[in-house]
Amino acid sequence: MNLKHALAQAQQDVLHTLQRYFQTQQQTQPQLLAATQYCIENGGKRLRPFLVYAVGNMLAAHQDDLHKAAAAIECIHSYSLVHDDLPAMDDDELRRGRPTCHIAFDEAHAILAGDTLQTIAFELLSSTDFDIGASQQLALIRSLSQASGLLGMVGGQALDIAATDKAISLSELEHIHRLKTGALLSCAIELGYLCSPNVENSTRAALDDYGRAIGLAFQVQDDILDVEGDTATLGKPQGSDVAANKSTYPALMGLDGAKDKMQHLYQQAIDAVCPLPYDTRVLEQLAGYIIARDH
């Protein structure tokens, strides 16, 4: 399967799953429901759900399990963006070319929409109709909880805030981004193989190595785009990290050094999955996409 088609299919599948969920929630407060759906129906790339599907399909996971796991991680990612955009955090008014949730609605509904998305994620993962066994389903919940929390995305965000207006080392920056960005991307891969029965430990380890490499490569490219991109293509203000006086890979390594780092991470990702006895072409194409994307 070609990457463009696979990405489009993942986008369609995860949106369909979440739309079906929202159709069962019509009795809630209308403004909150509208704000929550606004955060999901935002034209995102859906890379995390795509990774769930790509890995799960490669390992013969049950499709309905993948739908729920992919929707769950998209809810967590979307909630994090809503809260990141708030005035108390990054104070952004534009996300993917559209007004951010607190601009389109208000701060209170943006906070509540983010809270709602976080709870939906674990409602989906704890549903009673998974094909996998209870222990694997519990592992799904644990994986997403850990990747989202103190030692994952939220902890990374806190470290990022603490590092603003400060000089930090390259290793400190890498630690921040392995948590803030990389943890959820790696988790998507883990959800994919946890939905599949009887995956060998060596396969899991190789996929974990791939996840760590692309997770960091994604952030390095984000930092490069903050320097080289433009607002119209990025869908958010170009130069926002520089304006906020944040440490970035180009700031610490220079633009050429950051690009070399990204190429090295790309090669690590390819080297991790190439030996696997599966068709890994889509995963290899995704690694190339991550370092070549323009938004």
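Reader: Which residues are buried in α13?

Author: This is a predicted model. In α13, the buried residues are Tyr249, Pro250, Gly257, Ala258, Lys261, Met262, Leu265, Ala269, Ile270, Ala272 and Val273.

Reader: What covers the buried residues of α13?

Author: The cover includes α9 (170-194), α10 (201-228) and α14 (281-292).

Reader: Where does α13 bend?

Author: At leucine 255, by about 95°. The end C-alpha atoms of α13 are only 26 Å apart. A straight helix of its 25 residues would reach 36 Å.

Reader: And what caps the N-terminal end of α13?

Author: Threonine 248 does. One of its side-chain oxygens lies 3.2 Å from the backbone nitrogen of alanine 251.

Reader: Switching to the largest nonpolar core. How many residues, and which touch the most other members?

Author: It has 88 residues. Phe50, Leu51, Leu207 and Tyr210 touch the most other members. Helix α9 gives the largest share of this core, 11 residues.

Reader: What does leucine 207 touch?

Author: Leaving out residues up to four places away in sequence, leucine 207 touches Val55, Met58, Leu59, Ile189, Tyr193, Val273, Leu276 and Leu283. Val273 is also among the buried residues of α13.

Reader: Now lysine 180. Buried or exposed?

Author: Lysine 180 counts as buried because its relative accessibility is 19%, and the cut-off for buried is under 20%. This lysine is in helix α9.

Reader: What polar contact does its side chain make?

Author: The lysine 180 side chain pairs with the side chain of aspartate 160, at 2.8 Å. Lysine 180 also touches residues including Gly152, Met153, Gln157 and Lys246.

Key. Residues are numbered from 1 along each chain as its sequence is written. This is a predicted model: local features need pLDDT of at least 70, side-chain atom pairs count only at pLDDT 80 or more; totals for chains, interfaces and linings use all residues. Side-chain values use heavy atoms; hydrogens and water are left out. Helices (H or I, at least four residues) and strands (E, at least two) are DSSP runs, numbered from the N terminus. The expected span of a helix is 1.5 Å times one less than its number of residues. The bend at a residue is the angle between axes fitted to the seven residues ending there and the seven starting there. Buried means under 20% relative accessible area, exposed over 50%, partly exposed in between (1.4 Å probe, protein chains only). Contact means heavy atoms within 4.5 Å. A polar contact is a pair of N or O atoms within 3.5 Å; within protein, one must be able to donate a hydrogen and the other to accept it, and residues adjacent in sequence count only if both atoms are side-chain atoms. A nonpolar core is a set of buried Ala, Val, Leu, Ile, Met, Phe, Trp, Tyr and Cys residues joined through side-chain atoms within 4.5 Å.
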